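Please read the points below with the structure open beside you, and look up each residue as you come to its name. They begin with the chain as a whole and then move to particular places in it.

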Amino acid sequence: LPAVHLQESTLKELVQVASSVKEQSVSSTQIDEVTPAATSGTTFKSGLGVAESAGQGEEEKSKLEKESEHEDESSSLSDKETGAGEHHHLHLSSCRECLQLENSTIESVRFASAEDIPELSDDCNSKLEEKNDDCLARGIKRVNLAGKPPNVLIYLGSETAKVEFEQVKSILQDCIDAGSYTIYQLHEEQVLKAPWIDNALLLIIATEEPISEENHKQFMKFLSKGGKILGFASSFTFDGVQIKRKNKLKKTVHELVVSKMDSTEIKLNLLVSGCIFEEVMKEDTSKVKTLSQLNNADKDTVIVHLTYGDSGGEAILTQAHLELDINSMDVRTEEDFNLLKISNTKRYEVLKEILISLGLSCELSEIPMLTPIYLLSSDEEIHLAFLKWLEGNVGAEGLRASSNVSLKFVSSCESKMEITPSLMPVITEMGSFSSEHFNLKTYQQNLHTKKLGKILLFTEVTTTTMNLLDGLMFELPEEMGLIAIAVQQTQGKGRGGNVWLSPVGCALSTLHITIPLHSNLGQRIPFIQHLVSLAVVESVRSIPGYKDIDLRVKWPNDIYYSDLMKLGGVLVNSTLIEKTFHILIGFGFNVNNSNPTICINDLITKFNKEEGTKLKALTADCLIARTVTVLERLIDIFQEKGPNGVLPRYYKYWVHSGKQVRLHSEEGPIAWIVGVDDYGFLQVHEEGKGVESVHPDGNSFDMLRNLIVPKH
């Protein structure tokens, strides 16, 4: 959304939010839960106006303020007249509503991070992690109370099972503090011989093979010495529990109800093994606790907790496949794919809960170190032109100062370069660049633009790409279009103030564009977020063979799989200087990070299975370049033909066609979504009342409950 001046009440709310995250924040005003596009570089003021960037002169500011005050007197967003001439200021007063309207959208330009999957309840991100030992020094391997080394062993039976080991290891690494534990495979021949019993904290049994009597004795000995066991669809059991086969359940997807440690319940769909647990009638059943049952008529037990011995030995055994990724199982129907993917975040949540209850730490041990930035270009000629411009536009020692991130241009990588959130080195020598996550040649081959995305600032790890360009963007010649690209960002904000680290596999980028105020798009800035969302979708669906990949746009600025799950989002931040909008577009979408939610390559794999095709997986470098290329064309069309030039393409891919909504409340009148108006606002048709626009300043839109409600 365009970042603009806010009304005074909104400013107060933001100040409260900002103060709560000040310690982690680079910029002085930062809206909580916005990634990658923290609203840095923007000054919020009461009254209508434009967002001002650091570096703009005081004289310029006061001139803009006077202009905007004058505009404020003449009109307001809520009383927009259709067909009126000069409307460029109307949408600029709408930022407060946008913050509320797009709560799920803005906070989740975290690229469908775990907290933002629509089906999750607000409390999904449990605070269990707070129970972990914060006092342990970083880098020291965590040792549990039983004094065992922090080794995790995975037993897969007599098979060598290299692939299965990697699958289980991968999900464990996603869940536990990877810096504190070492994960090994326990081979069949080692069970009876190797001295693993005293050297492991957790044993994972992930095989359906029968467990031999000798091995069972060893596993029980491990428990008697305070060891922990986690069974994934295995035949291992002991004491008061036995396994019963139920063939009709085998390899089916079912809903489970899981009891959490805080006594709340969580429902999710998982693939079940075809076996269930039954309690054997014994005098002492206090050692058996049911953690999960199927939500079926028999309420079959599928996860149990057992204790053993006096040294803290315990086991959690499950007959639901918490360890399997959707790409590791034979998913038979689209319905099963959807159920499993929608539950994917909850699967991680339940697995983390289990691991924490078995004494492991699931806290992120350390945020990756910030890395230097590489200056890259679409071709050699523009690279040299940029370096020439730079010569006359940097201070001493190659410094380009900015209030957010100052950039220090250096010719080559030096071992002792200082990298901080406010000062980052930029290496200008392209020859030394290589990255396993970004191929410059792929980017260059897929970028076909006149201006956009020509000069790249690429980095493996940064705070947020949104901060990297504002030191350059106001003075750089327009034909040297800037783009910042990162593999990971460290300044995402999770619920409850948790730091959210964007996973590898997201396409994370901030693009700079300029739009003349007196142009079709300059008068309708909210449309930019729609154009970018559309460009992301078309970047995939315009590739020959990929047109039926079910990637869609959700108003106003999300990218979705069908109408089910969020894959990405867009955030637009605009600054008006004289008669030109300088616009930073932060966009991010999941390309190859299947977990903990869903990504574009999941949809391609699914499509290949269903259609028997062999479409190749896509990469972030390719899709960022394609998105920028499509966006430039969409902007050109919009500038020439206005909204009607692009709306047919937008409607082709949006999720709202013919959707019925209720206005005001769940009992309110029914209306149908019919499109967006000339200014990018949603239009609804209520029976007997005709078509009207739903202005974000007065309403919020809850797609998941199909509600449009007035805000209080």
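**Notes on the predicted model**

1. The protein chain exposes about 29800 Å², and carbon and sulfur atoms supply 49% of that area. Please keep in mind throughout that this is a predicted model. Of the 712 residues of the chain, 58% count as buried, and its secondary structure consists of 14 helices and 30 strands.

2. Is Leu230 buried or exposed? This residue, which lies in strand S4, has a relative accessible area of 0% and is therefore buried, the cut-off being under 20%. If its neighbours within four places in sequence are left aside, Leu230 is in contact with Leu202, Leu203, Ile204, Ile205, Ile316, Leu351, Ile354, Leu355 and Leu358.

3. In soluble globular proteins, nonpolar side chains tend to be buried together. The largest nonpolar core of this model has 92 residues, of which Ile528, Ile585 and Phe587 touch the most other members. Helix H13, spanning residues 620-641, gives the most to this core, with eleven residues. Not counting residues up to four places away in sequence, Ile528 touches Ile513, Ile515, Leu521, Val572, Ile583 and Ile585. There is also a second, separate core of 41 residues, which includes Leu270, Ile316, Leu322 and Leu355.

4. How do helices H5 and H8 pack, and at what angle? Helix H5 (residues 162-175) and helix H8 (residues 344-357) meet at an angle of about 80°, with their axes 10 Å apart. The two helices are therefore roughly perpendicular to each other, a description used for angles of 65 to 115 degrees. On the H5 side the contact is made by Ile171, Leu172, Asp174 and Cys175, and on the H8 side by Arg347, Tyr348, Leu351, Lys352 and Leu355. Sorted by type, the residues of this contact are six nonpolar, no polar and three charged.

5. Helix H7, residues 334-342, has as its buried residues Asp336, Phe337, Asn338, Leu340, Lys341 and Ile342, and a student may wish to note that Asp336 and Lys341 are on that list. The elements that cover these residues include strand S6 (252-259), strand S7 (265-272), H8, S22, S23 and helix H12 (600-611).

6. In the loop between strand S21 (551-554) and strand S22 (558-561) lies Pro556, which is joined to Trp555 by a cis peptide bond with omega about 0°. Asp239, in the loop between strand S4 (228-232) and strand S5 (241-245), has a positive phi of about 50° although it is not a glycine. With a relative accessible area of 37%, Asp239 is partly exposed. Glu578 also has a positive phi without being a glycine, with a value near 55°, and is found in the loop between strand S23 (565-577) and strand S24 (580-590).

Definitions and conventions
Residues numbered from 1 in each chain as written. Predicted model: local features only at pLDDT ≥ 70, side-chain atom pairs only at ≥ 80, totals over all residues. Heavy atoms only, no water. Helix = DSSP H or I, 4+ residues; strand = E, 2+ residues; numbered from the N terminus. Buried < 20%, exposed > 50% of the residue type's maximum accessible area, 1.4 Å probe, protein only. Areas by Shrake-Rupley, 256 points an atom, 1.4 Å probe, with all protein chains shown as cover. Axes fitted to C-alpha atoms, helices over the stretch in contact; angles between N-to-C directions. Parallel < 35°, antiparallel > 145°, perpendicular 65-115°, else oblique. Contact = heavy atoms within 4.5 Å. Nonpolar A, V, L, I, M, F, W, Y, C, P; charged D, E, K, R; others polar. Core = buried A, V, L, I, M, F, W, Y, C linked by side-chain atoms within 4.5 Å.
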